[in-house]
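Student: I would like a close look at a single part of this model. Please walk me through the strand pairing there.

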Amino acid sequence: MAKTPFFTCLAALALAAVPAAPALADGPIVQSAEAAKAAFAEDRKSILAMAGDFKVTFDMQESTPWMEGYTPLERKISGGYESVRVIEDTGTRIVLQHLLVTGDEANPYVVKHWRQDWEYQPAKILVFKGGDSWEWQDVPEKMRAGRWSQTVWQVDDSPRYAGWGEWETVHGIRRWRSNWTARPLARRDAIRNPVYDHYIGINRHQLTPTGWIHWQDNTKMVTPADGGAAKPVVQEYVLNTYERFNGYNVAAAEAYWAKTKDYWAAVRDKWDEVAAANGGIRIAQEASAGTSIAEQLLSLADAIKDGKDTPEAASAKALALIAEGTSGKGG
């Protein structure tokens, strides 16, 4: 199957075993029933505010080296346009799909980018365990009340990382801060075969007058070959800024999603089915693509968009790829 243009576009835009990390970000929330109801409504408003059309700036900076002899990478800034759509809202679960629009006005190319799922008072989250594995992990019972989990999924709807935290207003700024989360290398790092092999970090989402920001405080870690405790290599700060803007081909994003949403719904359901049946997900990874089947899943969506395949036929092929890839026989 032909390679999708996604990975070329993503490179242009600069896109083992993980040790146990501290689990708690804040103490238990104590509030009255009325205050909890008001907070829940405000939390939903904050999450839904991240939907819309945006000009996005990606600002990445390695800073403090923790390993002797390591030289931090130079700062890298890139950008693009993203349409973020609410594709599910049950009240206590909100799903936001990011659609990256590249190319020019006359010749746009749409990438189904990352996805963020928000769940209120979660009992468990799907966490990265290192290498090619994600497993369900219980959220401490006393830390569930009043909090939301955020699960981030890759471009093919396979898992990336998950964390939980509290939406709050601090010094007049609305924010959500995660617990410590483990995640695999981003493609921008993975393709360089760096000394580090995973990140441990804290994510923050904060609303601004013109949009929102997602910033990450990441410690890049290396797992010793002998399987000992992972060691820190370098600190990294990532600031992704979303400014409301519709001066790009938003219609291209809308058209792509209208044609492929049923296909991607089937793909999401299959990943959920695998995670539920197996206590998590295990699938081979490729540095340039994420999972070993990512290019094929994205190419099937492009075939639907271009009228070369039907959603039903493409979905059947995609589900078979996921089944094989997660069986231990694929990839």
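Which residue stands opposite Ser83 in strand 3?

Tutor: Leu99 stands opposite Ser83. Some ground rules come before the rest. The model is predicted, so local features need pLDDT of at least 70, side-chain atom pairs count only at pLDDT 80 or more, and totals for chains, interfaces and linings use all residues. Residues are numbered from 1 along each chain as its sequence is written, and side-chain values use heavy atoms, with hydrogens and water left out. Strands here are DSSP runs (E, at least two residues), numbered from the N terminus. Two strands pair if DSSP finds at least two bridges between them.

Now the part itself. Strand 2 covers residues 76–89. Strand 3 covers residues 93–103. These two strands run antiparallel, joined by eight bridges. Three residues lie between them in the hairpin. One of the hairpin's residues, Gly91, takes a positive phi near 105°.

Strand 2 also pairs with strand 1, residues 52–65. That pairing is antiparallel too, with nine bridges. Phe58 has its bridge partner, Ser78, in strand 2.

Phe128 has Trp134 of strand 6 as its bridge partner. Two residues separate the strands in this hairpin, where Gly131 takes a positive phi near 60°. Strand 6 is also joined to strand 14 (residues 280–282) by three bridges, again antiparallel. There, Ser133 has Arg282 in strand 14 as its bridge partner.

Notes. Helices (H or I, at least four residues) and strands (E, at least two) are DSSP runs, numbered from the N terminus.
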